[in-house]
Amino acid sequence: MGAHTPQRVLVTGGTGFVGHHLVERLRDRGDEVTVFDAVAPRGAALSGVRFVEGDLRDGAALARAARGAEVIHHLAAVVGVDQYLARPLDVIDINFSGTRNVLDVAVRAGAKVVLASTSEVFGKNPAVPWPEDGDRVLGPTASDRWSYASSKALAEHLTFAFVRQHGLAATIVRYFNVYGPRQRPAYVVSRSVHRALNGRPLVVYDGGRQTRCFTFVDDAVAGTLRAADEPAAAGEAFNIGSMVETAVGTVVGLVAELTGTTSVVDVDTATALGASYEDLGRRVPDNAKAGRILGWRPRTSLRDGLVKTIEWARADDRWLALPDSGAA
C-alpha cells in the first residue's frame, strides 16, 4: 500500500478497548477523528480527537457526529459474557438497532464502513478452523448465552444487505480473542493479569482445557486499518485472529509465571454462571483470506503480548483499582 492520505473518520465505541487503540492509530497517522460513544474518554490518550457523547440508538445525534465522515469504523457494542447474561435486551437492541443507524448514516454520507464483528458468530461449529463462510451452529433462543452471537450475526446480515441493495462500501472484521492494555478485567487475559497484580488467585474454568487463538490488540488494529484502506476488501468479511491454538489453562499459567503468582483456582461454569451457559471447546479462525487480500498476519507472540500487557498494567493504578468482572 502507498502513502496514506488523511481522511475524516468517525469511530463508534472509540473509548472502548479496541476502539481506543484504533483511534490513537488513526490520529497518529494524520486522520481527522471523531469518536461517538456513550462513555466519556478516560485519561489524555484521546487528545487531538473530537468526542461526541451519544447513544447509537439516537439516529439524529449519530448523523450529526458523522457529518463529513469518509470512513466509519463501527465498534460500539455491548460485549462480554457478564453483559450478555445480565443485559440480553441491551445486547440485542444496541448491537442490531445501533448498527442499522450506522449503516443508514453511512449511505447518506457516502462513507465507507468497517463493522467490527466477532468469532462468536460461528457459535459452536465443531469444524475448526473456521473460514469466513463457515457454518453457524448455535444453541436455543431461550438461552441468553447466544444473544450476543445472534445480534452480531444480524448486524453482519444488515451490512451485507446494505452492500447489495444500496451499494454501500462496507467490510466486516471478525475479532478472535483480542487482548492487551486497557481491556476491562472480564476476559481471560485481562482478568488474570488484574487478579495477579492485585494479589488474588487466578481463575480457570472447567480445568482450562478450552482452546483459543489469542490476538494482541495492535495486530487486531492493524488488520482493521487494512480492511478500511484496501479497495478489494469492500463487500467482504475477514477473520482477524491468530491461528496459534492455546489452552486457556496454559495462558493463565503463563500469566502466573510472568507475574510470579502461584495461586490458581478452578471454577465450574455450571455453578458459577448457571446451567444455561455453554462454553466452547475450541475457537480457531482460518485467517488465510486476510493474508491474501489484506496482506495481514498477526505479528505478536502470546508471550510478548502478555509481557507488554503486564508492563502496562503495573503502571496503571486506575485500571488495577477497577472491579473484577467475573464469577469468582
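A: One begins with the criterion: a salt bridge is a side-chain nitrogen of Lys or Arg within 4 Å of a carboxyl oxygen of Asp or Glu. The general idea is that side chains of opposite charge can pair when their charged atoms come close. The model shown here is predicted.

Q: How many salt bridges does the structure hold?
A: The structure holds 17 salt bridges. One of them joins the side chains of Arg27 and Asp28, at 3.1 Å from N to O.

Q: Are Asp28 and Arg27 buried, partly exposed or exposed?
A: Asp28 has a relative accessible area of 56% and is exposed, whereas Arg27, at 23%, counts as partly exposed.

Q: Which residue pairs with Glu236 in a salt bridge?
A: The side chain of Glu236 meets that of Lys289, with 2.7 Å from N to O. Glu236 belongs to the loop between α7 (217–229) and β11 (237–240), and Lys289 to helix α10 (residues 288–294), so this pair ties together parts that are 53 residues apart in sequence. Glu236 is partly exposed at 29% relative accessibility; Lys289, at 15%, counts as buried.

Q: Which parts does the salt bridge between Arg303 and Glu257 tie together?
A: The two side chains meet at 3.1 Å, N to O. Arg303 lies in helix α11 (residues 302–314) and Glu257 in helix α8 (residues 248–259), so parts 46 residues apart in sequence are tied together. Arg303 is partly exposed, with a relative accessible area of 39%.

Key. Residues are numbered from 1 along each chain as its sequence is written. This is a predicted model: local features need pLDDT of at least 70, side-chain atom pairs count only at pLDDT 80 or more; totals for chains, interfaces and linings use all residues. Side-chain values use heavy atoms; hydrogens and water are left out. Buried means under 20% relative accessible area, exposed over 50%, partly exposed in between (1.4 Å probe, protein chains only). Helices (H or I, at least four residues) and strands (E, at least two) are DSSP runs, numbered from the N terminus.
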